[in-house]
Amino acid sequence: MPVQCAHKQASTAMAGGLFSMEHPWASAFGILGNIVSFLVFLAPVPTFLRVYRKKSTEGFSCVPYVVALFSCTLWILYALVKTNSSPLLTINAFGCAVESVYIILYLAYAPRAAWLRALASVLLLDVAAFSLVAGVTLLLVAEPHRVKVPGSVCLAFSMAVFVAPMSVIFVVIRTKSAEFMPFSLSFFLTLSAVAWFFYGLFTHDLYVTLPNVGGFFFGCIQMVLYCCYRKPKAAASVAILPTTAATAAAHAAEMELPLAALDAAAVLPVLADLPVLADLQKLEEAMGSPRKSAIKAI
């Protein structure tokens with residue numbers, strides 16, 4: 001029992017303020033995770049500036065930002081229940097503010113049908129689901145075990161969303177083009193996963209460590225695929241460029257991040273790339289075989 005208490009006190013000390021001279025490595029990786037996650041959270045800014053200028057969401061989906069906001073609120077709850085987790089608390093508080101601004105801008109310029117879907121998603125996930133998790137944690141679970149509830153939810157949620165890059169990976173392999181998978185985004189998401197993995201490792205926090213193993217794995221796969229398919233074949237370019245749907249999909253891929261949203265302790269990958277695959281399938285059906293599509297484009 002004394003050993004467990006000492007271990008808990010050490011973990012709490014390491015997870016404390018943004019920097020601790022007693023545990024420099026945990027502090028260093030916590031600060032690095034904050035810096036990288038800060039940049040990733042701001043990645044959609046150019047796209048939302050375009051939305052503001054055009055006064056239109058251009059058919060984009062709000063789901064990644066709703067999910068990212070939900071993820072940030074979960075990690076804030078976890079950090080507050082655990083206590084002394086300043087790196088997690090600061091970056092996810094910033095993430096909540098940024099994602100809220102994105103969602104408000106989306107609601108301001110979305111058409112009525114998309115506006116209703118986005119509002120329903122916010123109420124269902126960010127209000128109802130979070131209230132349920134917070135209520136169970138604070139009202140139904142004894143204090144010594146409270147951290148396990150938000151921690152387990154964060155772990156399961158983060159690992160689930162890390163499967164999301166499979167959709168964009170399939171698109172890259174199918175089209176033999178990395179157009180929908182920017183290298184810089186994959187690189188920073190992988191770097192973020194590495195930073196938070198080591199922060200969790202040095203603070204003995206499995207709820208932070210484990211999901212970022214998946215983030216590192218999928219990030220490396222995306223970067224390898226980018227190196228293999230960074231130069232698309234001419235036939236693929238001829239088939240995709242003339243279509244309005246494909247152009248919108250390219251903008252959507254640029255805009256919709258890890259879930260960017262984004263999860264600070266486990267930064268989230270792109271969730272909404274399935275419409276890209278659907279557009280490519282519709283394109284093939286409308287234009288026939290790849291050879292016919294090339295002829296039509298000429």
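Modeller: Arg50 is buried, with 13% relative accessible area, where buried means under 20%, exposed over 50% and partly exposed in between, taken with a 1.4 Å probe on protein chains only. This is a predicted model, in which local features need pLDDT of at least 70 and side-chain atom pairs count only at pLDDT 80 or more, while totals for chains, interfaces and linings use all residues. Residues are numbered from 1 along each chain as its sequence is written, and side-chain values use heavy atoms, with hydrogens and water left out.

Arg50 takes part in a salt bridge with Glu58, and their closest N and O atoms are 3.5 Å apart; a salt bridge here is a side-chain nitrogen of Lys or Arg within 4 Å of a carboxyl oxygen of Asp or Glu. Glu58, at 24% relative accessibility, counts as partly exposed. Glu58 also forms a salt bridge with Lys54, where the closest N and O atoms are 3.0 Å apart.

The structure holds three salt bridges, and one of them joins the side chains of Asp205 and Lys82 at 2.6 Å, N to O. Asp205 lies in the loop between helix 9 (183–202) and helix 10, whereas Lys82 belongs to helix 4 (residues 63–82), so this pair ties together parts that are 123 residues apart in sequence. Helices are DSSP runs of H or I with at least four residues, and strands are runs of E with at least two, both numbered from the N terminus. Asp205 is buried at 3% relative accessibility, while Lys82 is partly exposed, with a relative accessible area of 22%. Returning to Glu58, the salt bridges that share partners join Arg50, Lys54 and Glu58 into one network.

Helix 10 itself (residues 206–229) has 24 residues and reaches 35 Å from its first C-alpha to its last, close to the expected 34 Å, a span found as 1.5 Å times one less than the number of residues. Its buried residues include Val208, Phe218 and Leu225.
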